[in-house]
Amino acid sequence: MKFPGCATGDSWSAHRKYKEPPCDNCHQGRKEYYRKWKQKNKDKIKIERRDNYLRKRKNRLAYSKKYRQENPEYVRLNTRLRRARKINTPSEKYTTQDVLNLYGTKCHICQEEIDLFAPRRPGIKGFERGLHLDHLIPLSKGGTDLLENIRPTHGSCNLSKKDKLKEQYED
């Protein structure tokens, strides 16, 4: 149906009101109207897009940080599996609790008790006595990421061992 003023951009809403597709003239008129509007409001559009991008990025980062804080065990698991997949070595899903249940809470390098409440991240005061999970045969030397190749260690023992095999660091 033709409306008075077709191709002005105003009749577009009249077509929509009567739930019918706009005629070609109205379609072209609307396109032209928005093309001119975009030209006239370039700066406004640019600022809005930037604000939206920053707002979404901030929300994404906040969610990511919150998720990592609330699910550290799951994040560690995914990091390990991704790392093993990257170097094409066998891996399986296990948790820190699985390792502790199987091998106990003594460091397999120095045979002293591990402080399970100490921080685990290097650089934080007291991490040296905290729990790290060590690969007996390092992944870089062809070891697997299977439960049989994992042992609990102190943070300082694990970091001083680096990627050495047991015979190399016992000397």
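This briefing covers cysteines, a strand pair and a surface patch. The model is predicted: local features need pLDDT of at least 70, side-chain atom pairs count only at pLDDT 80 or more, and totals for chains, interfaces and linings use all residues. Residues are numbered from 1 along each chain as its sequence is written, and side-chain values use heavy atoms, with hydrogens and water left out.

**Cysteines**
- The count is 0 disulfides (a disulfide is a pair of cysteine sulfur atoms within 2.5 Å).
- C110 is in no disulfide; the nearest cysteine sulfur, that of C107, lies 3.7 Å away.
- C110 is partly exposed, at 30% relative accessibility, whereas C26 is buried at 1%.
- Buried means under 20% relative accessible area, exposed over 50%, and partly exposed in between (1.4 Å probe, protein chains only).

**Strands**
- Strands (E, at least two residues) and helices (H or I, at least four) are DSSP runs, numbered from the N terminus.
- Strand β1 (residues 131–135) pairs with β2 in the antiparallel sense, over 5 bridges.
- Pairing requires at least two DSSP bridges between two strands.
- D134 stands opposite R151 in β2.
- In strand β2 (residues 150–154), 5 of the 5 residues are buried, so the rest of the structure largely encloses it.
- I150, P152 and H154 point one way from β2, while R151 and T153 point the other way.

**Surface patch**
- Y33, Y34 and W37 form a nonpolar surface patch, with about 300 Å² of accessible area together.
- Accessible areas come from the Shrake-Rupley method with a 1.4 Å probe; for residues, only the protein chains shown count as cover.
- Patch residues have over 30% relative accessible area and no salt bridge; nonpolar side chains (Val, Leu, Ile, Met, Phe, Trp, Tyr) are joined within 5 Å, like charges within 9 Å.
- A salt bridge is a side-chain nitrogen of Lys or Arg within 4 Å of a carboxyl oxygen of Asp or Glu.
- Y34 belongs to helix α2 (residues 24–40) and is partly exposed at 34%.
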